[in-house]
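Me: Hi! I'm new to this one and would like to talk through its salt bridges. Could you walk me through a few?

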Amino acid sequence: MKLATIRTDGTTRAVRIDGDTAVDLGEGDLADFLSHPDWSARAANADGYRYEGALDYAPVVVSPEKVVCVGLNYRNHILEMGRELPPHPTLFSKYARALVGAYDDVILPASSAQMDWEAELAVVIGAEVRHADPEQARAAIAGYTVLNDVSARDWQFRTPQWHQGKTFEATTPVGPWLVTADDPAVAAQGLTLTCEVDGDTVQKADTGDLVFDPATLVAYVSEIVTLAPGDVIATGTPGGVGHARTPARYLHDGSLLVTRIEGIGECRNTCRRGLR
């Protein structure tokens with residue numbers, strides 16, 4: 001199944017995507033819907049109001065309790081930089097206001113001249129979980145979605161801590177929907193992930209190359225804090241980011257950023273320079 005949050009009549013609604021239509025799931029945000037223990041059966045059997053025509057996609061989860069991000073998590077990228085594989089995941093976080101919908105504008109802050117792309121597979125949590133073993137971690141995954149961790153490099157590297165460059169408001173597209181973990185489309189060992197900027201393919205990788213896979217990440221984070229329905233874990237980006245190029249390349253006003261994952265979908269966002 002594909003589940004999403006759409007904007008309609010000045011509010012948001014959680015929906016199941018059925019081809020060109022969307023079926024209302026009875027909640028305003030997918031996080032609220034996923035808080036029902038039987039959400040999967042409810043989604044499969046839902047027969048609510050149907051939204052026809054073009055849909056206005058909000059972030060797949062509008063107000064997640066947590067957005068946890070992972071750095072340095074693609075094996076080939078780490079090795080090609082001459083680094084050793086990390087023994088533990090590198091974690092940082094975002095605030096919910098960083099998130100935008102799959103087709104919304106990405107706002108490039110006026111205070112940054114080095115806005116960069118980072119295509120990522122993201123996990124959406126579907127059950128509260130704490131101190132999870134591998135089986136519990138897999139069971140807690142509601143599904144997968146597309147995310148781009150657009151980053152302000154000139155802010156990120158001001159200090160050894162990355163957070164300040166990672167959570168500028170309205171910079172992180174996520175969506176357009178989540179594909180549930182039991183869907184055959186995401187059952188493959190690895191999925192092709194790509195990022196395009198103004199028509200150029202700048203990143204391409206296989207999610208099977210992750211050092212720490214989604215279940216491992218869920219288990220690890222759940223040792224630190226309880227994961228709640230609707231929480232998002234961004235699993236990291238492969239090589240090809242603009243900051244590492246010679247010369248460096250960054251997003252600019254009018255850039256078209258396309259983030260795509262095989263079997264899931266794509267985000268297609270125009271970048272716009274923000275005002276102070």
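Reply: Happy to! One term to begin with: buried means under 20% relative accessible area, exposed means over 50%, and partly exposed is in between. Also, this is a predicted model.

Me: Okay, so is D18 buried or exposed, or something in between?

Reply: D18 counts as partly exposed, because its relative accessibility is 26%. Its side chain meets that of R16 in a salt bridge, at 2.7 Å from N to O.

Me: And what about R16, buried or exposed?

Reply: R16 is buried, with a relative accessible area of 9%.

Me: How many salt bridges are there in total?

Reply: The count comes to 19 salt bridges.

Me: Which residue does D56 pair with?

Reply: D56 forms a salt bridge with R7, and the closest N and O atoms are 2.9 Å apart. D56 lies in strand 5 (residues 56-57) and R7 in strand 1 (residues 2-8), so the pair ties together parts that are 49 residues apart in sequence. D56 is partly exposed at 37%, and R7 is partly exposed at 29%.

Me: Which residues are linked with them in a network?

Reply: K94, D116, D149 and K166 are linked with E118 and R153 in a network of salt bridges.

Technical notes: Residues are numbered from 1 along each chain as its sequence is written. This is a predicted model: local features need pLDDT of at least 70, side-chain atom pairs count only at pLDDT 80 or more; totals for chains, interfaces and linings use all residues. Side-chain values use heavy atoms; hydrogens and water are left out. A salt bridge is a side-chain nitrogen of Lys or Arg within 4 Å of a carboxyl oxygen of Asp or Glu. Helices (H or I, at least four residues) and strands (E, at least two) are DSSP runs, numbered from the N terminus. Buried means under 20% relative accessible area, exposed over 50%, partly exposed in between (1.4 Å probe, protein chains only).
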